[in-house]
Every structure is written in structure tokens, then in C-alpha cells.
Amino acid sequence: MNLETQHETLLSFRNVGVSYWLRQNAFKRSRHFALKDVTFDLNRGDSLGVIGRNGCGKSTLLRLLAGVMAPDHGKIAAKPGLRVSLLTLQLGFVDYLSGRENAILSGMFLGMKKRDIMNRLNLIIEFAELGDFIDQPLSTYSSGMRARLGFAVAFQMDPDIILVDEVLGVGDADFQAKSVEIMQERIQSANSTVVFVSHSAPLIKKLCNRAIWLENGVVKESGETAKVVDFYETALAEHYVRQIETEIKQGLPVFIRAKGANTIYILRDRKVLPIRSWDEFIALGGRTEAIRVVLPDIFAALQDARQVDRVIRQLEANVFCFVRPQGKKAVFAIRNGKLIPVESPEDLARLGGHPGLIREITLEQFFAIRDEGIQGVLDF
Amino acid sequence: MRCIAAVWTYRHLIAHKSWADFRAESQRTFLGIAWWLLDPVINVIIYYLCFGVFMNRAGGDYIPYLTTGIIAWMWFFSALTTGASAIWNNAQVIRQVALPKIIFPVAQIAVCTYRFLFSLIVLFSILFLWGYRPDAYWLLLPLLMAVELLFIAGLTFVFAAFVPFVPDLANFIQYAFRLIFFLSCVMYKLESLSPNAQAWLRYNPIVYLLDAYRDVLMYHTLPNFAAIAAISLFGLAGAAAGMLLIDRLGPIYAKRIVR
């Protein structure tokens, strides 16, 4: 509450909701609420983080803030004359025009005055590291050069409230570091009012002084960043564990990889075990598209969390293999020590297998599994 | 009112956007801007061959008559058809920044107007070659251009307001106005038709508009001012209605346009 009395309120949302009509077919349509009930205030100098999973309504919220859309219910009150802009890279870029012409056009779309852009053009060229290329048509640019120009132009805008959607860094590694740095500086600066939307909890924690957590179009939590992010992360870890449980119930092996790391892990033996080679991964029933990429902090949570114990116990009961008796075409899955016929390639894929995973076994081994179960027959 | 104020506030953006589109168009092809002269010339040649030579309509002032009609028509047609989809075509920008949507059709009409002004070179050259010299009547040309511009704006704004909801409308406009082209006395004279057909074509305002250009540029007569006033009034009403619609529908476009 302290913050709100100290600083002037620039913008306030009261029970704001937005719905879209989704067309099912030519005659039927259904209503989808992207935002249901959103209430918050934005004060001068704030760095407000908006955190939430994909599809929580973040982009709709940004469009409301930018004034691109109007709410269907609720009220948005803004200070008169308030300029709010979404940091949009490469807005309105035209291939046939030169970098210089595009910079001016894009800047004007972003609400800058032509003269201001002209004055800062040297700055833009220098920051984008374009040199003489600025007068070449955009169609000759590499995607990295386009991205650099787009960022350099967008960064020049100076509205009352700047909206940042995930994009902090663009281009190659060097430029990315440079752009992330100045963007972070700007978000943290007390002179600028920023709304930063992200699904990265650590980044929000680092850059924002206040945060709201958006879930299914509703503000689940708002206030001090540390508190909000904490709630969000706990909920996310729980959700994640539930999801893994579901997958295990379906008999799929669970592989995870921490975002940014290369090592793949399998959930097993009440632990998160690393997989050392591709062959091992394949042998365990791994498929690239089945790997769950998780944020580092969730990965850590998964290693500690009590619930994972339960998850892993279920996993152990579900060791999964695919076998083919020598000289035969029929493929079987082994589950809980029992043989299950696999009817078709689709069936195989559904069970989490693929042709490379199938082990050939002798007929004796096959009958042994059928009659006595897997124990002692094969060293899976 | 708000729309007119918006056009004024964003005049620099409109000017730069239309100039950029103009530049982009000239960069797209090898001959670039030369096409803006070639296009009307080629059109005149085609219609001269088809209607003048093969259908035996040529004679006397046919070529200047045809050229005046084609150039004034092409301005109208290109501005209307491209301007009508201007909001729809700028969906990318509309979904990212809050701008008054009216600026997109306005900028597009501006692009077509530049092209029209350019093609006047062709028109004046042909008139000159056929022995027409400027006189006091030519001073009315800017007035006629203003009237046509108003007429263009009136139709374009209204269509532009609806195309984002029903993109098929853009196609419909193409076909409908291609038909109207043949009913507008561009490549034949009104007097050459049967009285019955003449009576019908007199309901087409474009017939009067094109004739007004010819009266002033070729026939040393004053245009039909009653018709000119009616066209202006129609254009004004359309432009006002279109602006109001675009203003009212403004916040809805971003939600509806999914491309």
C-alpha cells in the first residue's frame, strides 16, 4: 500500500475482462474469455512484472495496456494524454526500403516524431552496428541485421509507460548480451515505468519491484515481487508434478531437461538420474519430443520435492520395453512384467516407442517372459 | 471530428508512410517509376486497339478522349480497391500499436494520388500532341481533382471500415467496379449508345465526372456544375460516414483481425 500512496497512479484496471468469439464453423461460435477479472494499479516509476504460463492472458493484457483493444467489461482509467507503447521490434518494416527509411517509418509507427528519429539516427546506426549498410535495402540484410536494427529503433522510443513482452535480447550472442544489458537497465530504472511480461520467474524477480501473477485470465496474486513469484513457482512445481504423474499413469517414461542445460534426466529410483549417452536414452525408451524442458528452478524443486517420491515409485512399477521374438514380425511391449501385443506403428508411438527401441529376443526368452514374467529372464 | 483531428495529428506519419510505399513500389521493379508513365500509355494503347481500331470507334479526338477517361478512372479505381483493404492489410501494425485506423486508407489514397499526378504528364503530353493548348478552363482542373478525391474518400472509407470483418468484400469491390468501368464511358462516347442505354448510364456519377474532365480539358466548356456538386455532396457524406464508422469500430479491429 505504501507504494501506491507515494507514487502517482498512471493507470488502473478494475475488474477488466476481454472475450473473443471463436468460430467453430460457419454458423457456430463460442465465447472465450482471455481475461476474466483483472484489477491492478500501475504507478509512476514502477517496474511491474506480469508472470504466468502460456495462454494465461498475458498478450491480451498487453494489448489492453497498449490501447490496441478495449475491454468488454470492467474499467481502465488512464491519466489523460498518457502514452503507452509496446516495445515492438521491426514494426512495419518494408523489404524494398533502406534501413534508414525503415528506421524512420518504424519509429513513427512506435509514436516517435520524425525529427527525433532523424536526430537519433546516428545513435541507432551505431548501436545496431550497421555502418554503411543503413542505406542498403532491407532485403539485403541478414536476419541478425534486421533484428539489430529493429531493436535499436524500438529502444529509442520514450513513452510514459513501456511494455516489454519477453524480448530482452535479439541477434547473435554479442548483440544479445548488449541488448539484454541496456534493456534490464531500463526496466530497473526509477525514471521509467515498465510493464514486463515473462514466464521467467528469476528474471521478474531480478528486474521488477512489483508483480502480478496471471492464471486463466484472473489475477491470482499481486504485490511484492518475491511473494508473488514464490506463489507462482510453488504452484507451477505442483502442477508440473501432477502432469508427470499423469504421464506415468499412461505408461510413458519421463525425461526432463533443465532449460539451457544439455543433460537429459530420467525420473527413476526416487531420483532424477542423468542419462549419459544417446544409446542409453534410446534404450530407456526416450524420444526427443517427449523430453520435458523445465526451468532451472523447477528442476531443482523436482529434485527435492516430496511429491516426486510418489511419482518415482509409480515409475518403477512401470518399466517399459519393446521386444520382438527372433524371426517374427509381431512386436510386444513389456509392462509390469506382462507382454502386451503392439498392433500397429501408431500403437507403438502411442506407447512411447519407436522402431529403433525394439529389442530382438530369442523365442525361448519370449516364452519365458510369457510364462514366468520378466524377472530373471532378461536384464532390462 | 475526431477522425479529422487524427489525420491532422498523424499527418507526418501519413506522409512518410505513403512516401515509403511509393518508394517501395518504385524499387520493386527494374523499370521502377517509369512504370507509372508506361502503365497509362499501355492501357491507352490496349483500349485504342480493342475499341478504337477493331470496333471502329476511333476517329477525331478518340485518343485524347480515351486518355482523359483512363487516367481519371485509374486514379479512382486504384485508390478505391487498394484503400478499401488498407486497414485489413495493416493488421500487423494495428495489433501492436494504438493508432487511429483512418490513417491507413488515407495514406493509401495518397499513394494513388501521387501516381495520378505523375500520370498527368502522359495526359498533358497526349493533349499537347493532339493540338490542345491550356486555356482558362484548365484552371478548373484542380477543382475537378478535389471533387474526385472527395468521391474516392467517400467510397473508400466506408468500404475500408468493413473489409476487416468481411475480407471477401475486397474481391467483390474489384469485380463490381470492373463492371462499372465498362459502364462509365471511358472508351466510348455516351452519344454513340442507344437512347435507352444512355438513359441508364446517366445514373452513373462517374460518367459525369469523366465528362467534366473532358469539358474542361478538351471542349472549352464549363462542366455540369449541378452534377459536380451532387458528386461532392455524395463524397462528403460517404467520407463522414466512413470516418465515423472507422472511429467507432477502431477498438474492435485488433480483436477481429486474425491473420
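Is Glu101(A) buried or exposed? The close-ups below take up this residue and its surroundings in a predicted model.

**View 1. Glu101(A) and Arg23(B) form a salt bridge between their side chains.** Here is the reply to the opening question: Glu101(A) counts as buried, at 10% relative accessibility. The N to O distance is 2.8 Å. Glu101(A) sits in helix 3 of chain A and Arg23(B) in helix 2 of chain B, so this pair joins two chains.

**View 2. Lys255(B) and Asp72(A) meet in a salt bridge, with 2.7 Å from N to O.** Lys255(B) is buried, with a relative accessible area of 18%, while Asp72(A) is partly exposed at 37%.

**View 3. The contact brings together 22 residues from chain B and 24 residues from chain A.** About 2,100 Å² is buried between the two chains, 68% of it on carbon and sulfur atoms. On the chain B side, His16(B), Gln96(B) and Lys255(B) lose the most area, together 30% of what that side buries. Two salt bridges cross this interface, and five residue pairs are in polar contact. Helix 2 of chain B gives the largest share of its side, ten residues. By class, that side has twelve nonpolar, five polar and five charged residues.

**View 4. Asp160(A) and Arg83(A) pair in a salt bridge at 3.7 Å, N to O.** The two residues lie 77 residues apart, each in a loop of chain A. Asp160(A) is partly exposed at 27%, and so is Arg83(A) at 44%.

Key: Residues are numbered from 1 along each chain as its sequence is written. Chains are lettered from A and ligands numbered from 1 in the order in which they are written. This is a predicted model: local features need pLDDT of at least 70, side-chain atom pairs count only at pLDDT 80 or more; totals for chains, interfaces and linings use all residues. Side-chain values use heavy atoms; hydrogens and water are left out. Contact means heavy atoms within 4.5 Å. Buried area is the accessible area (1.4 Å probe) that two parts lose on being put together, summed over both. A salt bridge is a side-chain nitrogen of Lys or Arg within 4 Å of a carboxyl oxygen of Asp or Glu. A polar contact is a pair of N or O atoms within 3.5 Å; within protein, one must be able to donate a hydrogen and the other to accept it, and residues adjacent in sequence count only if both atoms are side-chain atoms. Helices (H or I, at least four residues) and strands (E, at least two) are DSSP runs, numbered from the N terminus. Ala, Val, Leu, Ile, Met, Phe, Trp, Tyr, Cys and Pro count as nonpolar, Asp, Glu, Lys and Arg as charged, and the others, Gly among them, as polar. Buried means under 20% relative accessible area, exposed over 50%, partly exposed in between (1.4 Å probe, protein chains only).
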